[in-house]
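The account begins with the surroundings of the ligand and then turns to its metal.

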Amino acid sequence: MTKFLLSVHVLAAILAIGPVTVAAGAFPASTRRALAAPGGEREVAVLRGLHRTCRVYAAVGIAVPVFGLATANSLGVLGDAWLITSIALTALAAAVLVLLVLPRQAALLDDVVASRRPRWPPSRLAMHTGLFNLLWTTVTVLMVVRPGSTTGA
Ligand code: HEM
């Protein structure tokens, strides 16, 4: 059972976090291109597609902590320091994505559609996206290294 839960957890991490990373990574540069070509329908369509990918896969990403917690429960490691740290960092990554990255993408998309001056420079969004990437990358390393764990290699 643990192996099944862990497999779903890792698959969810790959399938959900991967697309968010790629789409969110492309969003700031695409915003700059769209701002440089006001009224460009193709540019707006690209931005809409990237934002939608981020929203949809962020929702799919809920499976990562759900199956992560189920795996941890099944392994009996819920009280381990490396896991508690990972849970906190995962919560922080989710907060950065839901409270900063997604709303700022939506706001920039609105500005592009309305041909307004952007309310934030796309570089600020790139910074938040980078913070999100740094957080989930740190969690992945913690998941593999599991510092202090005596339950496996
Ligand atoms: C609430 C958050 C999370 C919990 C409770 C959790 C829990 C776990 C547990 C218990 C394991 C098994 C470790 C072992 O074999 O002893 C694991 C493995 C793993 N987790 Fe998570 N996880 C969480 C978030 C994440 C996130 C955000 C990612 C990546 C985006 C991730 C990626 C992985 C990977 C790649 C493994 C396999 C590591 C290996 O077997 O070497 N996890 N996780």
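The ligand is surrounded by 22 residues, and the closest are His9, Gly68, Thr140, Met143 and Arg146; a residue belongs to this set if one of its heavy atoms lies within 4 Å of the ligand. The model is predicted, so local features need pLDDT of at least 70 and side-chain atom pairs count only at pLDDT 80 or more, while totals for chains, interfaces and linings use all residues. Residues are numbered from 1 along each chain as its sequence is written, and side-chain values use heavy atoms, with hydrogens and water left out.

Helix 1, helix 3 (63-75), helix 4 (81-113) and helix 5 are the elements that give two or more residues to the shell around the ligand. Helices here are DSSP runs (H or I, at least four residues), numbered from the N terminus. Helix 3 gives the most, with seven residues. Thr71 is found in helix 3, and the C-alpha atoms of Thr71 and Leu6 are separated by 5.7 Å although these residues are 65 residues apart along the chain.

**The iron site**

Which protein residues are donors of the iron atom of the ligand? They are His9, through NE2, and Met143, through SD, lying 2.0 Å from the iron atom. Donors are N, O and S atoms within 2.8 Å of the metal (3.2 Å for Na, K and Ca). His9 lies in helix 1 (residues 2-36) and Met143 in helix 5 (residues 122-145), so this pair ties together parts that are 134 residues apart in sequence.

The six donor atoms around the iron atom subtend angles of 82 to 179 degrees, and the arrangement is therefore octahedral. Six donors count as octahedral if opposite donors are over 155 degrees apart and all others between 65 and 115.

**Accessibility**

The table uses relative accessible area: buried means under 20%, exposed over 50%, and partly exposed in between (1.4 Å probe, protein chains only).

| Residue | Relative accessible area | Class |
|---|---|---|
| Thr71 | 4% | buried |
| His9 | 12% | buried |
| Arg146 | 24% | partly exposed |
| Met143 | 27% | partly exposed |

**Arg146**

Arg146 is found in the segment after helix 5. A polar side-chain atom of Arg146 lies 3.1 Å from an oxygen atom of the ligand; a polar contact is a pair of N or O atoms within 3.5 Å. Arg146 also has a positive phi of about 45 degrees, although it is not a glycine.

How values were computed. Tetrahedral: all angles 85-135°; square planar, octahedral: opposite > 155°, others 65-115°. Polar contact = N/O pair within 3.5 Å; in protein donor to acceptor, adjacent residues only side chain to side chain.
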